[in-house]
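This report describes selected helices, loops and individual residues of the structure shown below.

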Amino acid sequence: MNNRVPILSTQSIFKSYRQGTENLKILNGVSFDLMPGDRVAIVGRSGSGKSTLLHLLAGLDDLDSGSIKVGGMPLSGLSPDARAAVRMRYMGFIYQQHHLLPEFDALENICMPLRLSGSGKQEADKLGKELLERVGLGDRANHKPSELSGGERQRVALARAVISKPDLVLADEPTGNLDEENAASAIELLLELTINSGSSILMVTHDHSLLSGFDRVLELSAGFLSEASGVG
Ligand SMILES: Nc1ncnc2c1ncn2[C@@H]1O[C@H](COP(=O)(O)OP(=O)(O)O)[C@@H](O)[C@H]1O
Ligand SMILES: [Mg+2]
């Protein structure tokens, strides 16, 4: 991809939810660009609209107005199927809950994005095993999610998010269910993995203690994004 094209570009995103007769305004004109290789965190209190914003960026929900471009191409305005194709091609995801598939083991979960995009099992397994080693779980390949600790499950989820070398990794409070020590090491690992996969990272969190490794920190408040002060 041309390095001067933002991997993600948003213009004036507005989003509200109708709740009975009320209109809850959540995003009131959010604009920002994310360049290839950028490591950006967005902080905001619970309820400030962080997950809403990430869902929109992933094409999982419709904007009221504004635009989102991924790799220079419009995402907003596409059909849900076309948005899913963009998501698969460009993005990896990490959620607060690991969202691993319970019936598959660690290696199968990690390899899932490659398998879904048509890679053969051998090729996927090779990359999956390398990543398992890199996240320190080389000896847990055949453990199901229920046979892993919380920190281990989230490390599997980190590996899964980068295996297809996506241009962009979106992370929604990825350490929200971890204790302090596991949270800090998961963020370190996340940054290391995204450097290795050449992915930009956009993480949203309410936790100001996790921001030191990011190049840029923005704050979401009252539906607006601004440069965060006094963090990092
Ligand atoms: N589907 C929905 N319908 C109505 N209100 C919603 C919906 N999803 C979220 N909200 C409201 O929007 C606000 C922002 O939610 P969210 O984006 O989940 O915040 P955050 O992730 O920052 O905690 C909250 O007040 C929440 O109650
Ligand atoms: Mg949230």
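## Local geometry and contacts

At a relative accessibility of 53%, Lys 165 counts as exposed, because the threshold for that class is over 50%. The model under discussion is predicted. Lys 165 lies in the loop that runs between helix α5 and strand β7 (168–172). The phi angle of Lys 165 is near 50 degrees, which is a positive value in a residue other than glycine. Most residues other than glycine have a negative phi.

A positive phi also occurs at His 99, where the angle is near 55 degrees in a residue other than glycine. His 99 is placed in the loop between strand β6 (91–94) and helix α3. With a relative accessibility of 46%, His 99 counts as partly exposed. Gly 59, which follows helix α1, has a positive phi near 75 degrees.

| Residue | Phi |
|---|---|
| His 99 | near 55 degrees |
| Lys 165 | near 50 degrees |
| Gly 59 | near 75 degrees |

Helix α1 spans residues 50–57, and six of its eight residues are buried, so this helix is largely enclosed by the rest of the structure. The buried residues of α1 are Lys 50, Thr 52, Leu 53, Leu 54, Leu 56 and Leu 57.

One of these residues, Thr 52, is also touched by Ile 26. Ile 26 belongs to strand β2, residues 22–34, and counts as buried at 15% relative accessibility. Leaving out residues up to four places away in sequence, Ile 26 touches Lys 15, Ser 16, Tyr 17, Ser 48, Gly 49, Thr 52 and Gly 223. Gly 223 is 197 residues from Ile 26 along the chain, yet their C-alpha atoms are separated by 5.4 Å.

How do helices α3 and α4 cross, and at what angle? The axes of α3 (residues 106–116) and α4 (residues 121–134) come within 9 Å and cross at roughly 125 degrees. The two helices are therefore oblique to each other, and their crossing is right-handed. On the α3 side, the contact is made by Ala 106, Leu 107, Ile 110, Cys 111, Leu 114 and Arg 115. On the α4 side, Lys 121, Ala 124, Asp 125, Leu 127, Gly 128, Lys 129, Leu 131 and Leu 132 take part. The residues of this contact divide into nine nonpolar, one polar and four charged.

Asp 125, found in helix α4, is one of the contact residues. Is Asp 125 buried or exposed? Asp 125 has a relative accessible area of 16% and is buried. Not counting residues up to four places away in sequence, Asp 125 touches Leu 107 and Cys 111.

Arg 153 is found in helix α5, residues 150–162. With a relative accessible area of 23%, Arg 153 is partly exposed. The side chain of Arg 153 reaches the backbone oxygen of Pro 145 at 2.9 Å. Apart from neighbours within four places in sequence, Arg 153 is in contact with His 98, Leu 100, Pro 145, Ser 146 and Leu 148. Gln 122 is 31 residues from Arg 153 in sequence, and the two C-alpha atoms are 23 Å apart in space.

Conventions
Residues are numbered from 1 along each chain as its sequence is written. Chains are lettered from A and ligands numbered from 1 in the order in which they are written. This is a predicted model: local features need pLDDT of at least 70, side-chain atom pairs count only at pLDDT 80 or more; totals for chains, interfaces and linings use all residues. Side-chain values use heavy atoms; hydrogens and water are left out. Axes are lines fitted to C-alpha atoms, for helices over the stretch in contact, and angles run from 0 to 180 degrees between N-to-C directions. Helices (H or I, at least four residues) and strands (E, at least two) are DSSP runs, numbered from the N terminus. Angles under 35 degrees count as roughly parallel, over 145 as roughly antiparallel, 65 to 115 as roughly perpendicular and the rest as oblique. A crossing is left-handed if the near helix is turned anticlockwise from the far one by less than a right angle, and right-handed if clockwise. Contact means heavy atoms within 4.5 Å. Ala, Val, Leu, Ile, Met, Phe, Trp, Tyr, Cys and Pro count as nonpolar, Asp, Glu, Lys and Arg as charged, and the others, Gly among them, as polar. Buried means under 20% relative accessible area, exposed over 50%, partly exposed in between (1.4 Å probe, protein chains only). A polar contact is a pair of N or O atoms within 3.5 Å; within protein, one must be able to donate a hydrogen and the other to accept it, and residues adjacent in sequence count only if both atoms are side-chain atoms.
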